[in-house]
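Biologist: Could we go through this model together, one part at a time?

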Amino acid sequence: MRDFYAILGIETGASAGDVRRAYRKLARKFHPDINPGNAAAAERFSRIAEAYEVLCHPRKRDYYDTHGYYDEGVLEEKQERRLGFSFDGFAGSESDKPVFSDLFEDFFAEIRSRRQPPVPIDLEAQVSLTFAESIRGVRTAVPVFRRRSCDDCRGLGRRPRTPAYACPTCTGSGEIVRSRGRLRFAMTCPECEGGGRVAAACVSCRGEGRRARSERVEVDIPAGVASGSRVRYAGRGDVDPKTGRTGDLIVVTHVDDDRFFERVGDNVHCTVPVSVSEASLGARIEVPGLDGALTLKVPPGTQSGQKLRLRGRGAPSLRDAEARGDLYVAIQVVIPRALDERSKEILRELGELNAVDREGRQARGR
Ligand SMILES: [Zn+2]
Ligand SMILES: [Zn+2]
């Protein structure tokens with residue numbers, strides 16, 4: 001038979017107060033909520049809870065002391081709903097009081113801190129897009145590791161219909177008593193919500209109330225996203241098991257470089273080759289735009305490197321659905337390699353008619 005005194009680490013003649021103190025101290029250390037996923041701690045805790053169940057109860061303890069064992073039902077008693085817990089027993093010895101209240105405050109603070117800060121429920125995912133997809137928008141499935149409510153415990157974190165043990169916070173009374181000076185007031189225990197007993201943690205979710213699963217969430221990426229854009233999708237994130245609220249999914253977009261277009265803000269830049277005669281005489285040329293070919297008017301005397309603007313032909317703005325940036329077309333004048341005599345003759349003639357000002361050339365060279 002198990003030695004309940006040894007399990008709680010107390011003497012055979014220990015007082016009721018010592019039993020409670022020992023249980024509380026061990027529960028703080030081995031409680032499954034403090035050691036999620038630790039099977040050894042869970043096993044240890046169930047033995048501690050079992051020992052406490054017997055030793056905290058005067059008649060059960062009596063039976064155990066006499067017979068060396070205790071089985072549920074041997075006393076054939078009407079189960080008291082509440083395990084006798086009197087706070088006064090604790091306060092009886094003045095020297096015990098500060099030690100106890102420290103322990104108690106620590107544990108209570110721990111429970112509170114475990115419950116109070118809202119669990120983060122926004123989920124983030126990265127997605128890679130081609131330049132064309134970023135301009136037009138695209139529907140895509142984003143792989144995420146998403147925490148949904150645990151089916152096995154319906155998000156409660158506790159296994160239904162399992163043996164419950166005495167709540168370690170209130171040692172089964174359902175109430176905690178705080179003292180301030182000579183004043184003493186009772187409040188409902190936050191751990192067991194007054195019931196005095198808590199069920200074992202759900203095995204499937206290890207008491208968290210939610211489980212992570214890999215999922216593909218279908219999202220519509222809006223037109224106009226750039227690298228590093230953050231798009232928020234409400235209600236597609238993790239669930240908060242306490243409140244049942246679902247967070248948002250935030251998709252961070254990465255846009256591949258394009259070999260022709262370059263995006264700067266909502267403006268887009270590209271370079272287009274133009275012949276000497278087109279640049280000199282002016283021309284209407286066809287250039288590739290973001291949504292198909294565009295006609296660009298090259299004015300006479302356009303220089304190489306000059307940028308021509310096509311207003312409203314850039315990337316769609318994420319802030320304003322109606323707005324678009326501009327498309328800047330840099331002109332690259334292609335100098336012909338004169339191979340035949342006829343071309344050379346024309347170029348020489350052209351040179352004579354359009355001599356570059358010598359002074360201007362020197363000024364520029366300086
Ligand atoms: Zn409690
Ligand atoms: Zn569960």
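This is a predicted model: local features need pLDDT of at least 70, side-chain atom pairs count only at pLDDT 80 or more; totals for chains, interfaces and linings use all residues.

Biologist: How many residues are in the largest nonpolar core?

Modeller: The largest nonpolar core has 26 residues. Such a core is a set of buried Ala, Val, Leu, Ile, Met, Phe, Trp, Tyr and Cys residues joined through C-beta atoms within 7 Å. A residue is buried if 20 or more other C-beta atoms lie within 10 Å of its own, exposed if 12 or fewer, and partly exposed in between, with C-beta atoms placed from the backbone. L8, Y23, I48, Y52 and L55 have the most contacts inside this core.

Biologist: Which elements give two or more residues to this core?

Modeller: They are α1 (4–8), α2 (16–30), α3 (39–55) and β3 (164–166). Helices (H or I, at least four residues) and strands (E, at least two) are DSSP runs, numbered from the N terminus. The element that gives the most is α3, with seven residues.

Biologist: And what does I48 touch?

Modeller: Leaving out residues up to four places away in sequence, I48 touches I7, L8, Y23, L26, A27 and F30. Contact requires C-beta atoms, placed from the backbone, within 7 Å.

Biologist: Now the sheets. In what order do the strands of the four-stranded one come?

Modeller: That open sheet has the order β10-β11-β15-β14, with mixed pairing. Two strands pair if DSSP finds at least two bridges between them. β10 (262–264) and β14 (307–310) each have a single partner strand, so one side of each is left without a neighbour in the sheet.

Biologist: How many bridges join β10 to β11?

Modeller: Three bridges join β10 to β11 (residues 267–275), and these strands run antiparallel. V264 stands opposite N267 in β11.

Biologist: What about the sheet of three strands?

Modeller: It is open, in the order β1-β9-β8, with mixed pairing. Seven bridges join β1 to β9 (residues 249–255), and these two run parallel. The bridge partner of E124 in β9 is I250.

Biologist: Last topic: how many buried residues does α9 have?

Modeller: The count is zero among its 13 residues, and α9 is hardly covered.

How values were computed. Residues are numbered from 1 along each chain as its sequence is written. Chains are lettered from A and ligands numbered from 1 in the order in which they are written. Two residues are in contact if their C-beta atoms, placed from the backbone, lie within 7 Å.
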